[in-house]
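Hi,

Here is the structure I promised to hand over. Please have a look before reading my notes.

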Amino acid sequence: MTPYRITGPAQIGFSGGRSSGFMLYHILEEHGGQLPSDVHVTFQNTGKERPETLDFIRECQRHWGVPITWLEFDGVYGQGLSWKVVNYENASRDGQPFDLMLRYYADYRREEKGEPPILPNPVNRMCTDRMKIKASTWYMRDELGLDSWDAIIGIRADEPKRYHRMMAANQKGSNRWDNVTPMYHAGVLKADVNSFWARQLFDLGIDSDLGNCDLCFLKSPEKILRAIVENPECARWWIEAEERSGQVFRKDRPNYRALAWMADQIGRQMPLELDFSDEEDLIDCMCGD
Ligand code: SF4
């Protein structure tokens, strides 16, 4: 039996990246092109993904004939946490789920604690938790009525730290699900994923570094600057989120307004003294590729 044979009930987390797409393809192949009825694929949309990511997910649905359930946060403080099922056509492209999540917790903190708003940051991944993990939990538990399931995650063999964190979470046993990582067990490396996509009829169409939320604070400053140089407009949402809340996503690097300024200088080919050499991506968990 290959690692891609999945026993349900299970939820396959599709981030809209090449690795999780690779995993989905091989799981489908292992099951003769059709998933067992108790194996569900979900994509949790934050509204901050690049349009190419949403197009890629739709292409996977079309080319492989696999149903993918698109989920979004839509909670309003006072009415409880909530999520909804959307689709390619009506999925947010303007950050609305992310904005709703930030507003929910700003209202909660003001009303119940008398405290100012906070933004997600490397030690408080409220965005991953509320928009991705809790979204899929809501779907599996409340919509499908399941008590426990396997969460199938696209962690590669060259991502051992992520793998061990997932296994540590399984050991703790505090979730309704167990994390399962078929690509890790199959020994799949990033190069394998890239060579797979080079042979397909369609592809993500952007550098994998641009996947997930466009300027996610867990990405390295170089990647963020590169993304802003390519599309200066994408900095606006992040700048507004920081300035509206009076907070920053990270205290250990320049804020997004400063990053946008640096990107502007780079775009004008102005010499800049930048040294972010110690900073690596922290992307992890459900926000992986
Ligand atoms: S990609 Fe980054 S900003 Fe988006 S949900 Fe994940 S951790 Fe949060």
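My notes on the domains, their interface and the cavities follow.

This is a predicted model: local features need pLDDT of at least 70, side-chain atom pairs count only at pLDDT 80 or more, and totals for chains, interfaces and linings use all residues. Residues are numbered from 1 along each chain as its sequence is written, and side-chain values use heavy atoms, with hydrogens and water left out.

Domains. The domain assignment gives domain 1 (10-207) and domain 2 (221-267). Such bounds come from an automatic or database assignment. The C-alpha centres of the two domains lie 25 Å apart. Domain 1 puts 15 residues into the contact, and domain 2 puts in 12 (contact means heavy atoms within 4.5 Å).

Interface. About 1,000 Å² is buried between domain 1 and domain 2, with 60% of that from carbon and sulfur atoms. Buried area is the accessible area (1.4 Å probe) that two parts lose on being put together, summed over both. On the domain 1 side, Lys 48, Pro 117 and Leu 119 lose the most area, together 45% of what that side buries.

Charges. The rule finds three salt bridges across this interface (a side-chain nitrogen of Lys or Arg within 4 Å of a carboxyl oxygen of Asp or Glu). Arg 50 forms a salt bridge with Glu 230, with the closest N and O atoms 3.3 Å apart.

Cavities. The whole structure holds two cavities of 30 Å³ or more. A cavity is a set of points on a 1 Å grid over the protein atoms alone where a 1.4 Å probe fits but cannot get out. Points are joined across faces, edges and corners, and volume is the space filled by probe spheres set on them. The second largest cavity has about 30 Å³ of space. Its lining residues (an atom within 4 Å of a point) are Glu 242, Arg 250, Arg 253, Pro 254, Asn 255 and Tyr 256.

Best wishes

Note on methods
1 Å grid on protein atoms, 1.4 Å probe; cavity = no way out; pocket = protein on both sides within 12 Å on 5 of 7 lines; lining within 4 Å.
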